Protein chains: 2
Amino acid sequence: MLNADETEAAGDSLGGSGLAARLYEDLTRAILAGTLAPGEKLSEPAIARSFGASRAPVREAIRRLQERGLVTYAVNQGARVAQPSAAEFLALLDVREAMEGMAARLAATHMEASEVATLEALVADHRGEIERNPLGAYLQDDPETDFHRRIARGSGNPILADLLCEQFYPRLRLCRRLHRTVQGRGREAWREHLRITEAIGQHDGELAEILMRRHIRAARAALQTALAAP
Amino acid sequence: MLNADETEAAGDSLGGSGLAARLYEDLTRAILAGTLAPGEKLSEPAIARSFGASRAPVREAIRRLQERGLVTYAVNQGARVAQPSAAEFLALLDVREAMEGMAARLAATHMEASEVATLEALVADHRGEIERNPLGAYLQDDPETDFHRRIARGSGNPILADLLCEQFYPRLRLCRRLHRTVQGRGREAWREHLRITEAIGQHDGELAEILMRRHIRAARAALQTALAAP
DNA sequence: TTGGCTAGAATTGTCGACACTATAAGGAAG
DNA sequence: CTTCCTTATAGTGTCGACAATTCTAGCCAA
């Protein structure tokens with residue numbers, strides 16, 4: 001769980017200075033890191049004790065986790081860390097295809113030159129990492145997600161950006177942790193990133209959307225075949 | 001506010017039997033009906049008293065409303081009914097275009113014949129209502145939303161359906177209440193509904209998506225022009 | 001040994017209470 | 001009369017406590 005502090009970059013209506021906000025962040029980290037295993041029960045009193053807090057802020061944090069899909073909740077039975085099924089994973093990717101396609105389209109007409117430059121640099125760095133680590137294993141903060149996050153924010157649509165960054169990406173990380181069958185399509189994915197970046201740099205929203213949707217659909221297809229043949 | 005009971009059809013992880021769930025539903029209704037005006041403060045003690053409950057479930061309901069975008073929250077300042085700006089309205093419609101486009105695409109390959117028939121019947125009924133009320137004023141439960149809700153559920157993607165039905169449609173209703181400038185494009189919208197339904201009936205997902213996106217983009221354009229020329 | 005039942009412990013949903021903060025009313029100074 | 005400060009009021013964030021419910025462990029019977 002480590003120290004929370006302000007790892008979260010300024011972005012949305014998350015933090016606040018409240019205790020509940022810190023608990024939310026710590027619990028999120030614990031779930032995504034696997035410290036809290038999928039299916040594990042989240043006992044309010046236990047968590048409260050372990051943080052030296054009372055149950056009220058813990059409850060609040062847990063309810064927010066539920067809202068974000070990281071825990072499941074049953075009345076009078078409390079919360080458990082979510083265990084997304086393969087079907088849920090696939091469903092998530094369908095929605096992601098739609099939303100990130102739109103994000104890429106908007107980013108193409110909204111991102112400024114400096115932002116595009118940052119994105120290009122990111123892709124360049126990403127290439128280096130792939131050469132060093134060809135397996136394409138998923139890192140803690142994988143550059144893949146960084147790329148997509150940057151585009152989401154670059155769309156200039158705060159609703160879209162928050163949905164993607166706060167709701168979808170954490171949930172996706174949890175899905176990937178559970179269904180490891182799919183391995184990163186390192187080089188291909190990188191090439192697709194490059195082309196998406198080009199389209200955005202040329203302010204070609206239509207193309208950017210098509211490429212982004214293809215990119216995500218390819219990942220989804222890879223997952224689907226990996227699931228079909230164990 | 002009327003009686004809450006079980007207006008919500010079975011669909012998602014909403015209700016539960018808890019008091020907080022009932023409060024959430026009642027507050028949602030109050031906000032969408034205008035009983036609680038946009039910008040109005042939501043005082044936890046006041047609401048708790050008016051419902052004969054304590055603050056705990058009220059807090060929970062309010063936090064959920066915040067998560068769904070119906071109220072804004074400031075630390076140590078409490079909640080106020082959201083006042084979506086025109087920009088937010090437009091941003092919401094961009095995301096909606098992406099998500100409903102995907103919903104229509106999926107519905108085309110997922111809806112069964114009986115569901116399609118229901119959809120067709122809905123559109124037929126809708127026509128009657130338009131003839132009777134050509135202004136296309138927004139009704140309490142407007143058939144427009146019913147149509148879109150049915151497609152969202154028909155997508156067979158629970159994540160997408162819940163996002164649309166629970167998060168987007170209420171928020172959209174609030175937006176429409178605030179920015180009345182846009183009037184329903186009754187007949188045109190109906191014709192578009194008809195064509196979308198046809199595409200779904202023919203299991204043409206690609207076409208259904210295109211038509212749905214056009215449909216929503218047209219509504220967005222109408223809003224934009226209405227905003228530009230007051 | 002296995003299955004179902006019962007008593008106990010633990011947990012959840014809700015409540016009332018208290019410090020700290022923000023807001024609003026009222027008075028003093030200019 | 002306006003502006004700033006003071007003070008009272010109301011509200012939020014958090015806490016500990018209790019009833020109702022659920023899970024668990026142990027016992028009894030087959």
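The model is predicted: local features need pLDDT of at least 70, side-chain atom pairs count only at pLDDT 80 or more, and totals for chains, interfaces and linings use all residues. Residues are numbered from 1 along each chain as its sequence is written, chains are lettered from A and ligands numbered from 1 in the order in which they are written, and side-chain values use heavy atoms, with hydrogens and water left out.

I then listed the residues around DNA strand D and found 22, with Leu19(A), Ser54(A), Lys41(B), Arg55(B) and Arg59(B) the closest; near means that a heavy atom of the residue lies within 4 Å. Helix 3 of chain A gives the most to this surface, with three residues.

I checked phosphate oxygens of DNA strand D for polar contacts (N or O atom pairs within 3.5 Å). One lies 2.7 Å from a polar backbone atom of Ser54(A). For Arg59(B), a side-chain N or O atom is 2.8 Å from a phosphate oxygen.

I turned to helix 8 (residues 186-201) and helix 9 (residues 205-228) of chain A, which pack at about 165 degrees with axes 8 Å apart. The two helices are therefore roughly antiparallel, a term for angles over 145 degrees.

Methods: Axes fitted to C-alpha atoms, helices over the stretch in contact; angles between N-to-C directions. Helix = DSSP H or I, 4+ residues; strand = E, 2+ residues; numbered from the N terminus. Parallel < 35°, antiparallel > 145°, perpendicular 65-115°, else oblique. Polar contact = N/O pair within 3.5 Å; in protein donor to acceptor, adjacent residues only side chain to side chain.
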